[in-house]
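Here's a quick tour for anyone about to work with the coordinates. Take a look at what's below, and then we'll go through it piece by piece.

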Amino acid sequence: MAENRAHQGPPPRRAGVSFKEVSQIGPVLKRVLAYTLSKNKVKAVVVVCCILFSAFVHIVNSMFLRTLIDDYIIPLTHQAQPDFSPLAWRLVRLGVLFACGIIATYAYQRLMMYITQDTMLSLRKEVFAKMESLPIGYFDTHAHGDIMSVYTNDIDTLRQMVNQTIPQLLNSSVTIILAFISMLILNIPLTILTLVMVFIMIMMAGKLGGLSSKYFTKQQMALGKVNGYIEEMMGGQKVVKVFCHEEKAVEEFSAINEDLRASASRANKLASMLMPLNANVAYISYVLCAVLGSVVAISGFTSLTLGSLVSFLTLNRNFTMPVTQISMQLSAVVMAQAGAQRVFALLDETPEDDDGKVTLVYANEAEDGTLTEAAERTGVWAWKVPAENGGEPSYVKVRGGVRFEDVDFSYVPEKQILYDINMYAKPGQKIALVGSTGAGKTTITNLITRFYDIQRGQILYDGIDIKDIKKSDLRRSLGVVLQDTNLFTGTVMDNIRFGRLDATDEEVIEAAKIANADGFIRRLPEGYHTMLTGNGANLSQGQRQLLSIARATIEDAPVLILDEATSSIDTRTEMHVQAGMDALMAGRTTFVIAHRLSTIMNANCIMVVEGGHIIERGDHDELIEAKGRYYQLYTGNAVTEG
Amino acid sequence: MLKTLVGNLGKYKRSAILSPIMTLCEVVIDVLLPIVISFLIDRGVSVGNMHNVLVYGGLMLIMAFVALFFGVMGARLAADASTGLAANLRRHMYEKIQTFAFANIDRFSTAGLVTRLTTDVTNVQNAFMMVIRIMSRAPLMLVGSLVACFMLNAKLSLIFVVAIIILFSMIMLIIRKALPIFRTVFDRYDDLNTSVQENVTAIRVVKSFVREEYENQRFEYAAAYLRNLSIKAEKIVIMNMPVMMIAIHFCMIALSWFGARLIVADQFTTGQLTSMFSYVMQILMNLMMMSMIFVMVSMSMASANRIAQVLDEEPDITDPEDPLFEVPDGSIDFENVNFAYTSKNEDFSKTEGEYVLRGIDLHIRSGEVIGVIGGTGSGKSSFVNLISRLYDVNEGAVKVGGHDVREYDLEALRNSVSVVLQKNVLFSGTILDNLRWGKADATEEECREACEIACADEFIQNFPDKYETWIEQGGANVSGGQRQRLCIARALMKSPKILILDDSTSAVDTATDAKLRAALTERVPGMTTLIIAQRVASVMNADRIIVMDDGRVDAFDTHEALLETNEIYRDIYQTQTNGADFDEPG
């Protein structure tokens with residue numbers, strides 16, 4: 001589930017790509033480059049200059065052999081009294097140039113480090129902020145493991161692209177061009193020979209890449225199968241033990257494991273051949289140049305001095321090495337491409353829209369009921385409704401009245417979930433929603449928080465259409481306690497304060513007391529400062545639920561939504577939780593979804609929801625009297641249907 | 001630990017040994033090539049001898065092709081060995097896990113085991129490939145090139161020695177400084193991911209409380225911290241490159257100066273100088289390579305360690321030496337049992353307060369239906385888990401059919417004591433496949449019978465594919481109540497003497513629950529049944545009911561007697577008056 005892809009770890013390394021794959025990476029590279037540049041223009045320009053300079057020094061370095069041999073050593077051997085001072089002077093100048101080259105290299109690496117880290121930081125921030133802004137529907141339709149893997153795997157592949165691939169591609173291209181020009185200057189026939197050999201290398205890499213990508217896909221499929229099997233079987237390992245199924249499990253696993261080994265072996269063999277193949281073909285190219293160059297030099301066919309030949313051989317190496325590097329970097333991009341696309345896909349998602357104008361403000365209420373906006377928390381909240389023509393805004397006191405009028409809803413157009421929902425909760429009333437799983441109870445509450453938008457009808461909150469209320473303010477006025485308690489890494493204090501960030505320690509403790517949580521918190525090793533990790537793994541389910549009730553208590557919202565808040569707690573623990581819950585509900589409009597009778601019985605109105613319709617409504621006694629669906633559920637005489 | 005891993009090579013040991021040998025051959029040629037080039041220049045080009053040019057040229061070509069062959073073979077064998085190692089590690093770990101007792105599984109956690117079988121194995125595979133490819137190549141190249149240099153000119157070679165020593169110590173210094181920082185970076189990185197994970201799973205809470213901005217700030221703070229820490233580490237690492245370049249250029253200039261003087265003094269040749277230049281690059285490059293691999297390998301050590309933990313783990317529960325294969329009847333006896341969740345391998349020094357079960361002493365007759373009720377953490381599940389020896393007691397004894405469970409063959413015991421676990425899962429496959437876990441050669445008729453008792457037949461018949469319906473991983477495509485009934489049916493397939501239902505009908509509606517219990521007593525008479533439940537209704541009709549509280553048996557009696565005498569039971573009963581819940585029907 002949540003760990004699906006996040007657990008599969010890094011994909012096996014792979015070298016070599018087909019030409020087809022290379023031709024497809026343009027857009028991704030361009031976007032990565034554009035993203036990086038948009039924030040680091042000046043640094044990037046300096047980096048390019050430094051790379052150019054260091055490539056230049058590199059070529060000078062290889063050309064130097066010619067100068068050394070032809071201009072210094074050979075003349076010196078002919079001098080009776082060799083004068084080494086010109087050579088010394090030359091070497092000093094060279095040393096200075098090298099020093100500059102080293103500084104340039106260091107400077108570009110250091111700048112790249114900042115560019116990469118800053119790009120990663122802003123990318124992480126943007127991705128996270130984007131994720132937080134997405135509608136709930138996004139999280140329903142995307143596996144959590146897939147979202148996680150954007151952070152754990154995909155952003156990291158982008159880091160490599162920014163940090164290594166792009167500078168190396170640039171560096172290698174510049175080196176190739178400079179080496180090519182220098183080779184042309186030194187000797188044209190040898191240059192042609194070198195080009196032919198490089199061409200062979202490129203063809204080979206492409207061919208190998210094509211082959212390897214075929215096996216690579218197979219390997220990925222086998223890997224997916226093995227990882228899927230591992231996740232399923234490890235999840236059910238205890239059942240395997242209980243049924244003595246061990247031998248069968250080993251047998252099945254061995255088969256798919258061997259499949260993976262076979263395809264991984266083939267794919268890796270091909271991929272790992274690329275490096276020695278390239279290196280040795282480069283060697284052959286080097287040898288051929290040496291032989292042909294020697295023949296040319298001896299025959300005097302063209303003017304090729306010994307120094308030029310030696311320099312050319314060094315250039316030959318300088319030419320083939322970046323070719324190998326480019327092919328390696330391109331294959332890295334091909335592999336990273338899918339990850340980069342996933343990152344950008346997340347960045348391109350449309351955030352939750354919010355065009356509500358009505359906002360929630362603190363207010364002071366005068367004797368005659370007129371409201372004035374207050375700067376600080378007063379205990380009275382008001383909806384601030386802006387006037388149509390830009391005049392004075394009007395204020396409506398927040399009381400907590402909620403009304404559904406003819407509401408229809410569907411997640412996807414073809415499949416309607418809710419039909420014609422009409423209901424109302426007067427301020428302070430308790431409304432219970434009962435019915436079987438999938439009947440639409442939770443969906444109804446999700447419409448109040450505007451996690452989803454309705455297709456027809458309207459929902460009014462204190463007489464205002466919730467579409468006109470700013471989403472953040474709407475949600476601030478609704479307290480929510482869910483069946484699955486979610487706590488965050490941090491202290492108990494932090495977790496309760498999550499409900500209202502400006503709450504003082506005393507207020508937090510007060511809220512915990514109301515929610516009946518104070519007692520157990522004090523018994524924790526460090527009381528309110530106990531660190532919670534792994535969604536409160538060190539607490540019991542009931543304790544976690546008490547904390548989430550305390551969190552809702554401190555929020556002090558006029559309307560509460562309790563979605564199966566006590567379902568996963570056993571009856572004895574529930575008695576404690578219930579007390580906290582009752583304290584929380586006092587004086588607030590409450591929508592409660594539950595299947596425990598004790599939670600529902602004293603509701604002002606019980607709605608029985610089946611198949612997206614409200615089929616019965618009334619208080620407990622009325623519904624029992626009616627002997628309908630509620631009566632069936634209540635007495636346990638439910639007709640079982642599949 | 002390394003020994004444990006290498007021992008897993010198995011039949012791929014041949015490839016793992018041959019690959020470095022191939023590499024060695026390639027290295028020898030690579031080292032010799034510059035020498036042949038110096039011959040080509042000194043004996044061919046410089047003196048204008050075409051014959052020598054062709055001879056040495058031809059020799060070099062042959063050498064290059066031979067090197068090509070060895071290089072490619074070495075790479076292929078390395079790939080074979082590393083993928084083979086990975087496959088063996090996966091299989092051996094998997095086999096080992098099959099021998100684990102529940103306590104072992106708990107110790108590693110499911111997620112921990114999955115990570116070890118997937119990510120960690122991939123890490124080790126990559127590292128191993130690196131080791132046999134480059135760790136065999138780089139040091140050989142280094143030594144070979146150095147030897148060749150000394151053969152060419154010992155005095156000049158001293159320049160290299162100085163450069164190598166300086167470079168080597170610098171690189172080591174850099175690694176030693178950077179590695180610990182990188183480890184912290186990884187830890188912080190994990191923290192960052194944890195906070196993302198929390199936000200993904202808790203997105204409804206974040207949005208309900210309008211805490212997007214707050215969470216953004218928290219994330220930004222953590223991400224910025226990570227960035228600064230990374231920069232601190234990388235600042236050190238990027239020193240590698242300038243150090244390396246200084247070493248190369250120092251050698252170049254020194255070589256040029258002293259080389260020129262020697263050539264002029266006629267003690268050295270131009271060709272030899274050219275070769276020396278090649279060796280400079282080779283030596284320093286390989287030194288660099290080794291340092292990189294060293295860093296990579298030391299980072300994958302954590303993975304290797306985690307794998308070794310699994311392979312070296314001793315299963316807590318093993319078959320006795322002379323086991324009993326027959327369980328005579330379904331009676332269960334607990335004799336002064338104390339139990340705590342702790343490893344057998346750990347030094348057991350728990351105080352009484354840490355026991356999960358304390359002083360359990362009770363006797364259940366064969367064929368009785370027993371209810372078990374109590375709050376969360378009262379020890380209900382621990383209690384029943386001892387019966388099929390999923391865990392071993394610390395003190396006292398659990399007897400089934402009159403014999404201590406530790407005297408039975410595990411498989412025989414577990415086939416007679418069928419447990420439906422609280423967290424039960426179905427596996428991907430058809431319904432029949434899943435049912436046959438209980439009995440491999442069961443006919444469809446037998447499967448159907450079990451499903452009828454478990455009240456599962458009715459809904460299975462409503463599926464278009466009936467018993468051939470494909471169940472998704474974890475049973476995701478059936479409802480909670482349906483899944484629980486299928487799990488009960490699967491457990492019934494064993495025709496056990498004892499059936500244990502650990503809160504197995506919590507998602508089944510009250511009416512069906514009652515029907516199921518009636519069917520069990522009617523159609524499988526004589527089977528001892530233990531029912532753990534939250535609902536009083538699920539246990540009140542049992543022959544006797546165990547009330548558990550805080551690891552002790554508070555009472556063990558009939559429903560009526562408990563109502564009279566037991567306060568806890570009365571409490572639970574009263575909060576559930578009428579016994580009805582609004583559970584989801586079917």
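## Around B:Arg570

B:Arg570 is partly exposed, at a relative accessible area of 30% (buried is under 20%, exposed is over 50%, and partly exposed is in between, with a 1.4 Å probe and protein chains only). This is a predicted model, where local features need pLDDT of at least 70, side-chain atom pairs count only at pLDDT 80 or more, and totals for chains, interfaces and linings use all residues. For bookkeeping, residues are numbered from 1 along each chain as its sequence is written, chains are lettered from A and ligands numbered from 1 in the order in which they are written, and side-chain values use heavy atoms, with hydrogens and water left out.

You'll find B:Arg570 in helix 20 (residues 567-575) of chain B; helices (H or I, at least four residues) and strands (E, at least two) are DSSP runs, numbered from the N terminus. Leaving out residues up to four places away in sequence, B:Arg570 touches B:Leu563, B:Glu564 and B:Thr565, where contact means heavy atoms within 4.5 Å. B:Val536 sits 34 residues from B:Arg570 in sequence, with 10.0 Å between their C-alpha atoms.

## Chain B overall

Chain B has 20 helices and twelve strands. Its radius of gyration is 36 Å, well over the 25 Å that the globule rule gives for 586 residues, so chain B is more spread out than a compact globule. That radius is taken over C-alpha atoms, and the rule is 2.2 Å times the number of residues to the power 0.38. Along the principal axes, the C-alpha atoms of chain B fill a box of roughly 115 × 55 × 55 Å.

Buried residues make up 59% of the 586 in chain B. Of the contacts in chain B with a separation of 6 or more, 78% come from residues 24 or more positions apart.

Strand 1 (residues 332-339) and strand 4 (residues 395-400) of chain B run antiparallel, joined by five bridges; strands pair if DSSP finds at least two bridges between them. B:Asn338 has B:Glu395 in strand 4 as its bridge partner.

Strand 4 also pairs with strand 5 (residues 403-404) of chain B, again antiparallel, over two bridges. Here B:Val400 is partnered by B:His403. Two residues lie between the strands of this hairpin, and B:Gly401 takes a positive phi near 60°.

## B:Ser416

Buried or exposed: which is B:Ser416? B:Ser416 is buried, with a relative accessible area of 12%. This serine lies in helix 12 (residues 410-416) of chain B. Not counting residues up to four places away in sequence, B:Ser416 touches B:Val327, B:Pro496, B:Lys497 and B:Ile498.
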